[in-house]
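Hello,

Here is the structure I promised to pass on. My notes on one of its domain interfaces follow below.

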Amino acid sequence: MRTKTTKQNKINVVTLGCSKNVYDSEVLMGQLKANGKDVVHEDENDEGNIVVINTCGFIGKAKEESVETILHYAQKKEEGEVDKVFVTGCLSERYKPDLEAEITNVDQYFGTHDLPNLLKVLEADYKHELIGERLTTTPDHYAYLKIAEGCDRPCSFCAIPLMRGKHVSTPIEDLVTEATKLAEKGIKEIMLIAQDLTYYGLDIYKKRALAGLLKELVKVDGIEWIRLHYAFPTGFPMDVLEVMKNEPKVCNYLDIPLQHINTEILKSMKRGTTHEKTTVLIHKFREAVPNMAIRTTLIVGYPGETEEQFQELKDWVEEMRFERLGAFEYSHEENTGAYVLEDDVPADVKFRRVNEIMEVQSQISWELNQEKIGKTFKCLFDRKDGEYYYGRTEFDSPDVDNDVIVDAREYYIKLGEFIDIEIFDAGDFDLHGKPVIKQERPVPLNQKRK
């Protein structure tokens, strides 16, 4: 069937899943642009007549969203609204034969390491010299910086090694080059991401090199905040804390998914740690950097999790008082170590346990936020929505953490700028504040004196 499109090919890249996928889509788009291709990201009008879907295959709900998106664009192709549909990313890597058999209206499926082949079918050449050249899809002032690909950890619940392969670190000099190019584009904050930051450098430098990487990145002019996401507790390089404490550019923030605290469950999860070791590690973090914000994620309903083990987790959350925390229901994933276990915790019990954990965390977050009232924080503002500006402190990452909210009817704030904000009110997850120094609104051109 002929499509309604008569103009030159436009490639619409649709991204699903985590920040690593966002980064991969940005690299793909950078390569396409360098080849002279017309490329857009998640065009709201679906103007692209060629669609590339970068999928997620991590857990059940993410897989469902990816399949629904593929079916949506396959139907658009059937109806003649798009010419071609290509699928890449984690779902395609993990389930390529099944997808090819079930959704046949997709032109071709690619895995997570197939960028050169994907570019080839899009009539573009992979350009090796484009280190750091990507089309960022985030706001103009922050970006993700992926420092490694893959994971060597044996966690029983996780399918990431099946989709992303073994851990491969990106050399420090390449990351500094990329950060420098981002800074030249006006990026002020970079968020270091990987499946496991903790392991960085072991494969290429034969030692954990995250601290060394940070020491080089802080030298990049224009970058003011560097944030750490997705560290692993076992083998955490403690010299990173020294850099965090002494380098103002490194945010006092650490995202370290801990998953559980019961020693038996941690053993079954193959996390390489215990209740006692994990607790000691968190105390060491706070001793080294007293004002650090720690973000963690937890899994409830893992096979065999008893009410007593869940209560241990809940009590521990109350004791540790994490600044940021998310809880998720266990997802039984094929070909993982835990798949041989019986998924014996009922769905309604998983749901209840998630809600109980988050109720505890909401109270903790509210109490910690009350302590911020009357204090002033350096904030970076990301967006204006309706009558309010939304920004963040160094203790908050975009999309997942607290917002600092300022009334746009009373104050003007330039987005992408750092501003000192005094907090006057706080809720469970939001802070309300006002600028310490009021900014002047720009005068419209037609009102300026001639």
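This is a predicted model: local features need pLDDT of at least 70, side-chain atom pairs count only at pLDDT 80 or more; totals for chains, interfaces and linings use all residues.

**Interface of domain 2 and domain 3**

Between domain 2 and domain 3 there are 5 salt bridges (a side-chain nitrogen of Lys or Arg within 4 Å of a carboxyl oxygen of Asp or Glu).

Residues are numbered from 1 along each chain as its sequence is written, and side-chain values use heavy atoms, with hydrogens and water left out.

The domains run as follows: domain 1 is 10-122, domain 2 is 142-371 and domain 3 is 375-435. These bounds come from an automatic or database domain assignment. The C-alpha centres of domain 2 and domain 3 are 25 Å apart.

Contact (heavy atoms within 4.5 Å) involves 22 residues of domain 2 and 25 residues of domain 3. Domain 2 and domain 3 bury about 1,900 Å² between them, with 48% of it on carbon and sulfur atoms. Buried area here is the accessible area (1.4 Å probe) that two parts lose on being put together, summed over both.

Which element gives the most to the side of domain 2 that touches domain 3? Helix H13 (347-370) does, with 5 residues. Helices (H or I, at least four residues) and strands (E, at least two) are DSSP runs, numbered from the N terminus.

Best wishes
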